[in-house]
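Please open the structure and go through these notes point by point. Keep the chain in view as you read.

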Amino acid sequence: MPEFSRRFCIAPMLDCSDRHNRFFLRLFSPHILLYTEMVTAAAIVFGDRDRLLGFNAEEHPVGVQLGGSNPEQLYQAAKICADYGYDEINLNCGCPSDRVQSGSFGACLMADPVLVAECIDALRGAQLPVTIKHRTGIDKQKDYEVFRAFAARQIEAGVDALIVHARNAWLQGLSPKQNRDIPPLKYDWVYRLKQDFPQTEIIINGGIKTLDSALAHLQQVDGVMLGREPYQNPFMLQKVDQVIFDEQVKPTPTRLSILHSVYPYIESQLQQDIPLSRMIRHIVGLYRGEPHAKQWRRYLCEHGNKKTGDMETLYRAEKLVE
Ligand SMILES: Cc1cc2nc3c(=O)[nH]c(=O)nc-3n(C[C@H](O)[C@H](O)[C@H](O)COP(=O)(O)O)c2cc1C
């Protein structure tokens, strides 16, 4: 089984962390752990697997995030993911959306620690590391001991790491977007969990925006997971290998070197009839904060989303930021 580290992870994000985004982010570091968007176990078992699970070898290490709560179906899906070559199976126990709640999975699973443990047990049958991504609790639950007991049950079930989005999920009255901002962050609970379970790998998630703050969390826990910031501002990853993995040797990437490294990939995708728009939406943040960022973004959004969008579109956009 390939060795990889969970010291710095990029979060699973629906409509964001697809294979094109992962290929692009991989250019910043060979060490970061990438995740797929959540894919439901039912979709994998009954749906178009290549479309849902296909990925490029360059993306490794990459974990697949599953949604579901039926242990047998999760097992079947995990076996299929193992055949596709994923490095880890992650179970979503943190998504509060109505759609997910009506399927009885995501964050509402936190109310049923025994079922989650059964799911973990089933997933382990696929012979891959199994992790879960969960919250500090649901609704207004304020008792650390409830959170601790949930974690303890999953550790007992053999989970390989706990990834904690350090805020509660409020199952009523908030949209998924509000649920990522309004419930207060409780980093202290995650630190305390690590102290209570020093042998268990604990990854912290939620509101981390810089490599320096990631490093500060790493004094307390084993890993960090970042979602929105590296998606919107990928160049924040420029020094991830130096700062997080203490690697000094290779030259740090520049925006232009990253762009030039992604071109051959985009070209190969265009040759397979994948529209440019599917890829550029992940790279438009590359120049964020730079003097000509707006022109570059505007040009790409306007021309890259047309059916005629091609490599020339990218070369012309590049001229705007040179
Ligand atoms: C657009 C979007 C889609 C998301 N989709 C998922 C998902 O599929 N699975 C999941 O566990 N979390 C999902 N999340 C939550 C993130 O993984 C992460 O927990 C959250 O954004 C907090 O981290 P951050 O503050 O670094 O962004 C999503 C977040 C966003 C913004």
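1. Start with helix α1. In this predicted model, the buried residues of α1 are R19, H20, N21, R22, F23, F24, L25 and R26. That makes 8 of its 8 residues, and the helix is mostly covered. Note that the list includes arginines such as R19, R22 and R26.

2. What do the buried residues of α1 pack against? Their partners include the strands β1 (8-10), β2 and β3 (62-67). They also include the helices α10, α12 (255-271) and α13 (277-283). Find each of these on the model before you move on.

3. Next, the domains. The protein chain is divided into domain 1 (8-243) and domain 2 (255-321). Their centres, taken over C-alpha atoms, are 29 Å apart. Domain 1 gives 9 residues to the contact, and domain 2 gives 12 residues. On the domain 1 side, the largest share comes from helix α1, residues 19-26, with 4 residues. The residues on this side of domain 1 are 5 nonpolar and 4 polar, with no charged ones.

4. Now take strand β3. Is it mostly covered or exposed? It is mostly covered, with 6 of its 6 residues buried. V62, V64 and L66 point one way from β3, while G63, Q65 and G67 point the other way. Both sets are buried. In a regular strand the side chains alternate between the two faces of the sheet.

5. Look at the neighbours of β3 in the sheet. β2 pairs with β3 in the parallel sense, over 5 bridges. Here V39 stands opposite L66 of β3. Strand β4, residues 88-93, also pairs with β3 in the parallel sense, over 4 bridges. In β4, I89 is the bridge partner of V64. How does the chain get from β3 to β4, and through which helix? It passes through helix α4, residues 71-84, in a β-α-β crossover that is right-handed.

6. Then the ligand. There are 23 residues around it, and A11, M13, M38, G227 and R228 come nearest. Two elements give two or more residues to this shell: β2 (34-40) and α10 (228-232). The shell is made up of 9 nonpolar, 8 polar and 6 charged residues. Recall that β2 and α10 are also among the elements that the buried residues of α1 pack against.

7. The bond from H60 to P61 is cis, with omega near -5°. P61 sits in the loop between α3 (49-53) and β3.

8. D139 is not a glycine, yet it has a positive phi of about 55°. It is found in the loop between β5 (130-135) and α7 (144-156). D273 is not a glycine either, and its phi is positive at about 70°. This residue is in the loop between α12 and α13.

9. Are these two aspartates buried or exposed? D139 has 16 other C-beta atoms within 10 Å, so it is partly exposed. D273 has 6 C-beta neighbours inside 10 Å, so it counts as exposed. The cut-off for exposed is 12 or fewer.

Notes
Residues are numbered from 1 along each chain as its sequence is written. This is a predicted model: local features need pLDDT of at least 70, side-chain atom pairs count only at pLDDT 80 or more; totals for chains, interfaces and linings use all residues. A residue is near a molecule or strand if its C-beta atom, placed from the backbone, lies within 6 Å of it. Ala, Val, Leu, Ile, Met, Phe, Trp, Tyr, Cys and Pro count as nonpolar, Asp, Glu, Lys and Arg as charged, and the others, Gly among them, as polar. Domain bounds come from an automatic or database domain assignment. Two residues are in contact if their C-beta atoms, placed from the backbone, lie within 7 Å. A residue is buried if 20 or more other C-beta atoms lie within 10 Å of its own, exposed if 12 or fewer, and partly exposed in between; C-beta atoms are placed from the backbone. Two strands pair if DSSP finds at least two bridges between them. A crossover is right-handed if, with the strands pointing away from the viewer, the path from the first strand over the helix to the second runs clockwise.
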